[in-house]
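Please look over the chain below before reading on. The paragraphs that follow go from a pair of helices to the strands and then to the domains.

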Amino acid sequence: MPEIHPLAVVDPQATLADDVRVGPFCHVGPKVTLGTGTRLVSHVTITGRTTLGENNTVWSGAVLGGDPQDLKFQGEDSQLVIGDHNEIRECVTIHKGTANDHGITTVGSHNLIMAYAHLGHDCVLGSHIVIANAVQFAGHVCVEDHVVIGGATAIHHFVTIGQHAFVGGMTRAVNDCPPFMIAEGNPAVIRGVNTTGLGRRGFTAESISNLKDAWKRLYRRTATGKAGNTASALEDLEDAYPHDACVLALVAHVRRSGQGVYGRYREGLRKDNPRTNPAK
């Protein structure tokens, strides 16, 4: 049987694995599912149609599955789905999705989300991500695997942050951030390759060297830190490194961002954008 503190309120319709632990002053709503090994420390609120996988720890003051802070939200039956082995620290808020996207906010596995971070509606997070204190995600943000985001960073809606990127603290990210790179500033500028992170994760010296060359061709000669002469540079990189998966992933990301709206690939997919969906 789940271990539920007598001062916790768990709706009888909630689904809890046998070894779930619910601490004092927690509130678990009727549409919530908590997987095996999950622990709610204390003062945690989980509401809405929210699913947590296995071995998650949620700390005091966190609120998961709340209604989106979106004036277009009309009470639709949307979801929040969180994977396994996540550490969700104090006062984190994560909202469920909306009908203006796919109706689901998704968090992968093995993530550390530090205190006071906010993940808005319809965000899509991968796995092995570190989100430092007070990072603020607007809605519809996508973060790929193995990203590190420094404290007090603000991320504009529909921004995509590519795999293995590092976003420096107090950054204002209003455009997509390319994979394998360091983004920092207000607004964000691509400072170079995330060599420390890539080295720790076992990337070869050759691949890191190739990414450094790619950064030079795309960003080094531009005053704004944004990709310059993009089309020709991307073609040159494909010719120079046809077998380097990292360079090709970088090329694909930059190309998608350029085809999006305002430097944000996902912005071009939004259902309520008259520029991309005239029927709306």
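Axes here are lines fitted to C-alpha atoms, for helices over the stretch in contact, and angles run from 0 to 180 degrees between N-to-C directions; helices (H or I, at least four residues) and strands (E, at least two) are DSSP runs, numbered from the N terminus. The model is a predicted one, in which local features need pLDDT of at least 70 and side-chain atom pairs count only at pLDDT 80 or more, while totals for chains, interfaces and linings use all residues. Residues are numbered from 1 along each chain as its sequence is written, and side-chain values use heavy atoms, with hydrogens and water left out.

Two packed helices are described by the angle between their axes and the distance between the axes. For helix H2 (residues 205–220) and helix H4 (residues 245–259), the axes come within 9 Å and cross at roughly 30°. H2 and H4 are therefore roughly parallel to each other, a term for angles under 35 degrees, where those over 145 count as roughly antiparallel, 65 to 115 as roughly perpendicular and the rest as oblique. On the H2 side, the contact (heavy atoms within 4.5 Å) is made by Ser207, Asn210, Leu211, Ala214, Leu218 and Tyr219, and on the H4 side by Cys246, Val247, Leu250 and Val254. Sorted by class, this contact of H2 with H4 has 8 nonpolar, 2 polar and no charged residues, where Ala, Val, Leu, Ile, Met, Phe, Trp, Tyr, Cys and Pro count as nonpolar, Asp, Glu, Lys and Arg as charged, and the others, Gly among them, as polar.

The strands come next. An open sheet of 11 strands runs in the order E1-E4-E7-E10-E13-E16-E19-E22-E25-E27-E28, with mixed pairing; two strands pair if DSSP finds at least two bridges between them. Its edge strands are strand E1 (3–4) and strand E28 (189–193), each of which pairs on one side only. Strand E27 (residues 181–184) pairs with E28 in the antiparallel sense over 4 bridges, and Ile182 stands opposite Gly192 in E28. H2 packs on the sheet, where it touches E27 and E28, and its direction makes about 155° with that of E28.

Further pairings involve strand E11 (residues 63–66), which pairs in the parallel sense with strand E8 (residues 45–46) over 2 bridges and with strand E14 (residues 93–95) over 3 bridges. Leu64 of E11 stands opposite Ile46, and Leu64 also stands opposite Ile94 in E14.

Finally, the domain assignment, whose bounds come from an automatic or database source, gives domain 1 (3–140) and domain 2 (199–269). The C-alpha centres of domain 1 and domain 2 lie 34 Å apart.
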